[in-house]
Amino acid sequence: MSIRAPRKGENYELSVDLNSEYRDKRKDAIKRVIASMTVGKDVSGLFPDVLKNMQTDDLEQKKLVYLYLMNYAKTQPELVILAVNTFVKDSEDPNPLVRALAIRTMGCLRAEKIIDYLCDPLQRSLKDENPYVRKTAALCVAKLYDLKPELVMDNGFLDQLHEMISDSNPMVVANTVAALTDIHISATSNSTPATSGDPAIFIITSNVLNKLLIALNECSEWGRVAILNALARYTAQDDKESEHICERVVPQFQHVNGSVVLAAVKVIMIHMRGVQREDLVKQLIRKMAPPLVTLLSSPPEVQWVALRNINLLLQKRSDLLTNEMRVFFCKYNDPLYVKVEKLDIMVRLASESNVDALLSELKEYSSEVDVDFVRKSIKAIGQTAIKIDGAAERCVNVLLELIGTRVSYVVQEAVVVMKDIFRKYPSTYEGIIPTLCANLEELDEPEAKASLIWIIGEYADKIDNADELLGIYVDSFIEESYQVQLQTLTAVVKLFLKKPDSSQGVVQRVLTTATKDCDSPDVRDRAYIYWRLLSTDPGAAKAVVLAHRPPISIPRTTVSPLLLEELLGEISSLASVYHKPAETFVGRGKMSADSVQRKGSELSDDRFTAQKAFQTVVAGQQAENLLDFDDAPAQDDQPSGLAATQILPSTPAAANFLSGTSTNPLDDLVSIFGDMGTSGGGNAPVGNGLGSPPVGLLPTPLTSPLETLGSPASAQKPQEDLLGLF
């Protein structure tokens with residue numbers, strides 16, 4: 001039972017007023033209780049006093065008391081049982097609003113003790129003469145199924161719901177569909193697979209389809225969303241039925257609610273797959289454009305959701321908004337997240353007919369004050385150049401104008417974009433390389449530096465002072481970021497392969513620095529590979545480093561075709577906004593006793609797997625050396641199998657790993673191997689551990705490609721290196 005409030009303070013005053021003999025005073029006290037509850041104050045101690053005010057003819061007061069009960073039913077479950085008689089009595093009240101209110105509140109209480117008393121009132125409400133009570137009761141069945149599915153099955157509530165789809169009132173039909181859909185999702189997401197004969201599975205037949213289409217135009221906006229989502233799940237029998245569904249859903253495009261519009265778009269996109277007539281498909285796409293454009297006049301948050309969905313639709317139907325480029329132009333007061341989405345869609349809609357207007361707009365954006373937006377605008381210019389071959393020269397001219405502004409971040413982003421244009425159109429715009437190289441000292445961002453270094457390396461044979469330009473980065477090699485180091489390494493090797501006579505010193509310097517002084521294993525490994533290639537086979541080095549690369553292109557879709565089809569079926573949901581399947585970000589929420597038990601069995605399986613791994617390690621330690629050709633007899637006194645693992649938990653690392661309490665399993669495994677290697681007797685090999693590289697991987701001194709090709713000893717080098725590995 002709850003503890004009574006002390007005889008002073010706000011709660012005590014409320015308690016006195018709740019027990020007042022005057023009706024107005026009691027009602028005012030309830031309002032103050034609800035106000036305190038809303039701002040987060042704990043008024044659960046007043047539960048018995050509020051409960052006394054349930055039995056009243058004042059509908060407003062009854063709503064307030066029910067609101068209080070819903071909030072505190074979980075913390076006072078034993079007191080909720082006292083309200084049952086009033087709930088049952090209200091469910092038979094002459095006023096349909098009171099009957100519906102009682103059923104709704106009983107369904108929202110979610111208290112185990114009250115569920116069994118809910119069945120009889122719910123049974124009556126499902127057959128009530130008033131449609132408002134029936135539609136409220138339909139949703140209550142879904143809430144009851146979430147709490148106690150077997151109770152819903154035993155009382156036949158699901159069968160009644162299936163019958164209510166034929167109800168004469170469209171709102172009852174809509175709420176029934178919403179309830180059945182929720183129950184269907186719960187039933188199909190359970191660990192035990194549901195069969196098609198299970199009443200919890202909501203199967204939409206042709207008969208049900210016609211009833212849903214009839215109710216669609218008559219119910220409220222949220223009812224329409226529920227019906228449209230159900231229609232999206234329906235599988236049409238033939239193309240005629242697909243056409244019929246599309247024609248009946250198209251009028252929903254004119255609805256004022258954006259959720260209804262997007263749900264209608266989803267139904268059309270799904271059922272359009274079954275439409276065979278090309279003229280009807282074009283007509284449907286043409287009718288889809290105006291409502292999507294209208295969504296862009298909504299508040300920024302709704303705009304962003306609409307833009308994310310439009311982005312997805314354009315990946316499937318690129319002709320959807322061909323003539324609507326201008327509506328996506330950014331406004332001065334658009335938030336950054338809206339502007340970024342609009343940029344992406346503008347690039348998707350870019351074509352020969354509208355590219356001039358697009359470039360003019362993007363050039364304007366590049367003079368904005370928002371640095372992130374400016375960068376993305378310049379990137380969009382590069383994407384347009386790659387997408388439309390005929391507009392590439394115009395795009396390059398715009399980029400040169402932007403480089404001429406000498407604004408640091410504009411120049412750096414333009415250099416990055418020019419690198420991509422060179423990859424798309426090799427040997428086409430070589431005339432602008434001097435302009436890019438003139439800005440070399442202004443670059444301070446790794447990506448911009450790496451892009452310019454790539455351009456210099458790619459066109460090293462056409463740049464007279466390429467060795468001097470690259471020498472600047474070689475001198476500061478250690479201070480540069482890894483991205484710049486890797487690109488410098490490759491560019492210098494390209495220079496050496498194209499101009500071996502003048503660049504021998506710079507390549508020797510960069511390879512020595514990268515292998516001896518650099519702390520990045522990626523950079524060291526690449527330097528070793530280049531050094532070995534240049535020392536042994538310059539022909540192979542040319543084939544690898546100067547290999548022909550295919551020109552790049554912009555992918556038409558950002559997701560795989562299968563995922564795109566799945567996301568189109570989830571339009572107007574979070575999945576279509578994130579462009580990810582729902583299961584990647586929505587958890588199940590509950591963990592039953594069965595799943596806890598299953599987790600325990602998985603843990604024991606993991607321990608058994610660890611035990612097996614240790615057996616393998618021990619067997620490997622005791623196995624014969626494959627490189628030892630002596631006929632020495634095997635040792636018979638060593639333990640094997642499960643017995644062999646008994647020696648392992650003697651070390652703390654092995655014990656932690658085996659018990660599953662290890663904080664760093666990798667370190668423990670390494671220490672186990674190290675301990676076993678040192679404790680395995682005096683035959684353990686010394687050297688070539690983790691700290692020292694294999695002898696065969698050490699490069700030989702670099703020589704000129706001409707000298708290497710003429711050297712007779714170079715043919716034996718690979719074989720010697722292979723033996724050196726062992």
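Because the model is predicted, local features are described at a pLDDT of at least 70 and side-chain atom pairs count only at pLDDT 80 or more, whereas totals for chains, interfaces and linings use all residues. Residues are numbered from 1 along each chain as its sequence is written, and side-chain values use heavy atoms, with hydrogens and water left out.

**View 1. The whole protein, with its secondary structure and its confidence.** The secondary structure of the protein comes to 38 helices and zero strands, where helices (H or I, at least four residues) and strands (E, at least two) are DSSP runs numbered from the N terminus. Of the 726 residues of the protein, 44% count as buried; buried means under 20% relative accessible area, exposed means over 50%, and partly exposed lies in between (1.4 Å probe, protein chains only). A contact is defined by heavy atoms within 4.5 Å, and among contacts between residues at least 6 apart in sequence, 66% join residues at least 24 apart. The average pLDDT, which is the predictor's confidence in each residue on a scale from 0 to 100, is 80 for the protein, and 79% of the residues score at least 70.

**View 2. Two stretches with pLDDT under 50.** Over residues 589-600 the pLDDT stays under 50, and for this stretch the model has three contacts beyond four places in sequence. Residues 623-649 also keep a pLDDT under 50, and here the model has 19 contacts beyond four places in sequence.

**View 3. The packing of helix 28 with helix 29.** Helix 28 (residues 482-498) packs with helix 29 (residues 504-516) at an angle of about 150 degrees, and their axes are 9 Å apart. That angle makes helix 28 roughly antiparallel to helix 29. Axes here are lines fitted to C-alpha atoms, for helices over the stretch in contact, with angles running from 0 to 180 degrees between N-to-C directions; angles under 35 degrees count as roughly parallel, over 145 as roughly antiparallel, 65 to 115 as roughly perpendicular, and the rest as oblique. Helix 28 passes helix 29 in a left-handed crossing, a term used if the near helix is turned anticlockwise from the far one by less than a right angle, with right-handed used if clockwise. Where the two helices meet, Leu489, Val492, Val493, Leu495 and Phe496 belong to helix 28, and Gln504, Val506, Val507, Val510, Leu511 and Ala514 belong to helix 29.

View 4. The axes of helix 22 and helix 23 (residues 392-403) come within 8 Å and cross at roughly 155 degrees. Helix 22 is therefore roughly antiparallel to helix 23, and the crossing of the two is left-handed. From helix 22, Ile378, Ile381, Thr384 and Ala385 meet Ala392, Cys395, Val398, Leu399 and Leu402 of helix 23. Helix 22 (residues 371-387) also holds Ala380, which is buried, with a relative accessible area of 1%. Not counting residues up to four places away in sequence, Ala380 touches Val347 and Leu362, and its C-alpha atom is separated by 6.9 Å from that of Leu343, 37 residues apart along the chain.

**View 5. Asn175 in helix 13.** Asn175 has its place in helix 13 (residues 170-189) and is buried, with a relative accessible area of 11%. Leaving aside residues up to four places away in sequence, Asn175 touches Lys135, Ala138 and Leu139.

**View 6. Two loop residues with positive phi.** Most residues other than glycine have a negative phi. Ser427, in the loop between helix 24 (408-424) and helix 25 (433-437), has a positive phi near 60 degrees and is partly exposed, with a relative accessible area of 47%. His579, in the loop between helix 33 (574-578) and helix 34 (593-622), also has a positive phi near 60 degrees, but His579 is buried, with a relative accessible area of 10%.

**View 7. Cysteines without a disulfide.** A disulfide is taken as a pair of cysteine sulfur atoms within 2.5 Å, and by this rule the count comes to zero. For Cys108 the closest cysteine sulfur, in Cys140, is 7.5 Å from its own sulfur, too far for a bond; Cys108 is partly exposed, with a relative accessible area of 25%. The sulfur of Cys119 likewise has its closest cysteine sulfur in Cys140, at 9.7 Å, too far for a bond, and Cys119 is buried, with a relative accessible area of 7%.
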